[in-house]
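Reader: I would like to go through the labels given to this model and see what each one rests on. Please set each value against its definition.

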Amino acid sequence: MEKRIELEKRGKKPGDIKELVLDNCRSTQIVGLTNEFSALESLSLINVGLTSLKGFPKLSSLKKLELSDNRISGGLNLLDSSPKLTHLNLSGNKIKDLDTLQPLKEFKNLKSLDLFNNEVTNMDNYREKVFNLIPSLRYLDGYDADDCEVDSEGEDDEVNGNEDGEGGGNEEDSEEVSDEEDEEFLDDDPGLDIVYKDKIDSDEEDYMGEEEEEDDDEDNEDDEQEEEEEESPVRGKKRKIDEVGGENLNA
């Protein structure tokens, strides 16, 4: 575990680290984790092989603690040095009875507790007894006291101190704002039907202009043709007279 801690520090000072993940590093007890991690807010020790919490340091800023899939059967009083704890996951351990959970009633900020796959969950009225034991508790094994499932985002808000979604924004409000923006956009900008109408009118004007030009060209051609037809008989007549006159002179 000590080598893993050094690796996860990544050259940072213990007092500057807020999150530490030590999952799957094999150890029966906590070693190498000291009080120097005073700023630590999230600690994960999943599937480590812990049989107890002996050696657990004083982590005054700790809010989220993951201890699932270990072999812990007691010693939860050793967590009392972390009074800000809001989320505790003890699923997949060896907790057998309600007495083992007694130390948790002292945690005034504990909002979420997970005991899934522990023997204690088999006792009669388990959920009711645990909620009564820990007054601050709002979610047990992912459900509230009314057996309503909590979504992961809501639980994260609780852990991060954003109760009731404060600071995360309201979906209804955002939808209203979006609708208002759409309405303003529609009011300010011309609709597509107007744009298309202008385009159609412009095309019609161009088309009509082309037709008029074609008609003018046809009229001009007709006029020229008529003039030629009118002139051609005259030219022919004159030519005939000239020919007759020439013959008489020759005679």
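Author: Accessible areas here come from the Shrake-Rupley method with a 1.4 Å probe. On that basis the protein chain exposes about 17000 Å², and carbon and sulfur atoms supply 43% of it. The model is a predicted one.

Reader: What makes up the fold, from the N terminus on?

Author: The protein chain has five helices and six strands. Their order from the N terminus is α-β-β-β-β-β-α-β-α-α-α.

Reader: How are the six strands arranged in the sheet?

Author: They form an open sheet with the order 1-2-3-4-5-6 and parallel pairing. Strand 1 and strand 6 are called edge strands because each pairs on one side only.

Reader: How do you know that strand 3 and strand 4 pair?

Author: Pairing requires that DSSP finds at least two bridges between two strands. Strand 3 (residues 64–66) and strand 4 (residues 87–89) have three bridges, in the parallel sense, so they count as paired. One of the residues involved is Glu66, whose bridge partner in strand 4 is Asn89.

Reader: Why is Leu22 called buried?

Author: Buried means under 20% relative accessible area. Leu22 has 0%, so the label applies. Leu22 is found in the loop between strand 1 (19–21) and strand 2 (42–44).

Reader: Which residues does Leu22 contact, apart from its neighbours within four places in sequence?

Author: They are Met1, Arg4, Ile5, Glu8, Leu43, Ser44, Leu45 and Val48. A contact here requires heavy atoms within 4.5 Å. The C-alpha atoms of Leu22 and Arg4 are separated by 6.8 Å, and these two residues are 18 residues apart along the chain.

Reader: What makes Glu6 and Lys9 a salt bridge?

Author: The rule asks for a side-chain nitrogen of Lys or Arg within 4 Å of a carboxyl oxygen of Asp or Glu. Between Glu6 and Lys9 the N to O distance is 3.4 Å, so the pair qualifies. Both residues belong to helix 1 (residues 2–9), and because they are three residues apart they are separated by about one helical turn. Lys9 has a relative accessible area of 14% and therefore counts as buried.

Reader: How many salt bridges does this rule give?

Author: The count is four. Among them is the pair of Glu8 and Arg10, at 3.9 Å from N to O. Arg4, Glu8 and Arg10 are linked in a network of salt bridges.

Reader: Is Arg10 buried or exposed?

Author: Exposed means over 50% relative accessible area. Arg10 stands at 66%, so it is exposed. Arg10 is found in the loop between helix 1 and strand 1. Its phi is near 50°, a positive value in a residue other than glycine. Most residues other than glycine have a negative phi.

Reader: Where else is there a positive phi in a residue other than glycine?

Author: Asn117 has a phi near 65°. Asn117 is placed in the loop between strand 5 and helix 2. At 55% relative accessibility, Asn117 passes the 50% cut-off and so counts as exposed.

Reader: What links Asp147 and Arg127?

Author: Their side chains meet in a salt bridge, at 3.1 Å from N to O. The pair links distant parts of the chain, 20 residues apart: Asp147 is in the loop between strand 6 (139–140) and helix 3 (152–159), and Arg127 is in helix 2 (residues 126–133). With a relative accessible area of 51%, Asp147 is over the cut-off of 50% and so is exposed.

Reader: Why is Asn118 called buried?

Author: Its relative accessibility is 3%, under the 20% limit, so it counts as buried. Asn118 lies in the loop between strand 5 (112–114) and helix 2.

Reader: Which backbone atoms does the side chain of Asn118 reach?

Author: A polar contact needs a pair of N or O atoms within 3.5 Å. The side chain of Asn118 reaches the backbone nitrogen of Ile95 at 3.0 Å. The backbone oxygen of Leu115 lies 3.1 Å from a polar atom of that side chain. Not counting residues up to four places away in sequence, Asn118 touches Leu90, Ser91, Gly92, Asn93, Lys94 and Ile95.

Reader: What does UniProt place at residues 123–141?

Author: The unreviewed entry gives the feature "domain: U2A'/phosphoprotein 32 family A C-terminal" there. In the model, this span is 42% helix and 11% strand, and its end C-alpha atoms lie 15 Å apart.

Definitions and conventions
Residues numbered from 1 in each chain as written. Predicted model: local features only at pLDDT ≥ 70, side-chain atom pairs only at ≥ 80, totals over all residues. Heavy atoms only, no water. UniProt positions renumbered as here; feature names shortened; annotations may be inferred. Helix = DSSP H or I, 4+ residues; strand = E, 2+ residues; numbered from the N terminus. Buried < 20%, exposed > 50% of the residue type's maximum accessible area, 1.4 Å probe, protein only. Polar contact = N/O pair within 3.5 Å; in protein donor to acceptor, adjacent residues only side chain to side chain.
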